[in-house]
Amino acid sequence: MPDPRVPDDRLADLRRARDHLDRHYAEPVALADLAAVAMVSKYHFLRLFRAAYGRTPAAYLSERRVERAQDLLRTTNLTVTEVCFAVGFSSLGSFSSRFTEITGETPSEFQARWARDGAPRIPGCYVFMWGLAERRAGSATQEKRTGPAGS
């Protein structure tokens with residue numbers, strides 16, 4: 001049940017901002033940009049988001065990044081450092097700390113545990129090519145909706 005401090009008419013706006021975070025987890029996301037998506041001031045957005053989801057947008061974003069990192073560590077042959085940067089962290093130390101805080105094990109331990117199970121691994125080059133193609137398709141779709149940049 002949503003927090004009573006969050007007006008019902010704002011829940012859709014907050015969901016839109018949360019969805020924006022989910023889609024753009026690997027990119028730097030500014031609080032002001034999220035607030036603009038939700039159509040409120042950044043400080044009001046921060047209060048509403050925390051009331052609705054029980055965590056700040058930054059905490060939510062780092063949880064999403066760790067979830068995606070788990071997928072990559074489990075299924076690819078990428079190094080921990082490559083995964084760190086692929087999911088949007090800018091520091092290996094902060095990635096490892098946050099990953100350990102959320103999962104209870106270091107990224108290396110997590111990867112080694114899954115590697116022992118013998119699951120097939122996707123070559124990292126495929127992961128990066130797929131990500132690049134996905135970003136290109138997304139920007140082409142955005143350009144179709146808004147027109148070419150600068151026009």
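Student: How many aromatic pairs does the protein have, and what rule picks them?

Tutor: There are seven aromatic pairs; rings of Phe, Tyr and Trp (its six-membered ring) pair if their centres lie within 6.5 Å, and planes under 30 degrees apart count as stacked, over 60 as edge-to-face and the rest as tilted. Keep in mind that this is a predicted model, where local features need pLDDT of at least 70 and side-chain atom pairs count only at pLDDT 80 or more, while totals for chains, interfaces and linings use all residues. Residues are numbered from 1 along each chain as its sequence is written, and side-chain values use heavy atoms, with hydrogens and water left out.

Student: Which residues form one aromatic cluster?

Tutor: Look for Phe89, Phe95, Phe99, Phe110 and Trp114, which form one cluster together.

Student: Which charged residues lie over the faces of Phe89 and Trp114?

Tutor: A charge sits over a ring if NZ of Lys or CZ of Arg is within 6 Å of the ring centre and within 35 degrees of the ring normal. Here, Arg65 lies over the face of Phe89, 5.8 Å from the ring centre. Trp114 has Arg74 over its face, at 5.0 Å from the ring centre.

Student: Let's zoom out. What pattern does the protein follow along the sequence?

Tutor: Read along the sequence, you get α-α-α-α-α-α-α-α. That's eight helices and zero strands (DSSP runs numbered from the N terminus: helices are H or I with at least four residues, strands are E with at least two).

Student: How much of the protein is buried?

Tutor: Of its 151 residues, 31% are buried (under 20% relative accessible area; exposed is over 50% and partly exposed in between, with a 1.4 Å probe and protein chains only). Take α1, residues 8-23: its buried residues are Leu11, Asp13, Leu14, Ala17, His20 and Leu21. They pack against α2, α3 and α4 (57-75).

Student: Which residues does Asp22 touch, leaving out its sequence neighbours up to four places away?

Tutor: Contact means heavy atoms within 4.5 Å. Asp22 belongs to α1, and it touches Tyr60 and Arg64 once residues up to four places away in sequence are set aside. A polar contact of 2.8 Å joins the side chains of Asp22 and Tyr60 (a pair of N or O atoms within 3.5 Å; within protein, one must be able to donate a hydrogen and the other to accept it, and residues adjacent in sequence count only if both atoms are side-chain atoms). Asp22 counts as partly exposed because its relative accessibility is 29%.

Student: Where is Tyr25 found?

Tutor: Tyr25 is in the loop between α1 and α2. Not counting residues up to four places away in sequence, Tyr25 touches Leu61, Arg64, Arg65, Arg68, Val87 and Gly88. Its C-alpha atom is separated by 9.7 Å from that of Glu63, 38 residues apart along the chain.

Student: Why does Thr76 count as buried?

Tutor: Its relative accessibility is 1%, so Thr76 counts as buried. Thr76 sits in the loop between α4 and α5 (80-86). Its side chain reaches the backbone oxygen of Leu72 at 2.5 Å, and a polar atom of that side chain lies 3.3 Å from the backbone nitrogen of Leu78.

Student: What is the phi of Met39?

Tutor: Most residues other than glycine have a negative phi. Met39, though, has a positive value near 60°. You'll find Met39 in the loop between α2 (31-38) and α3 (42-53), and at 54% relative accessibility it counts as exposed.

How values were computed
Expected span 1.5 Å × (residues − 1).
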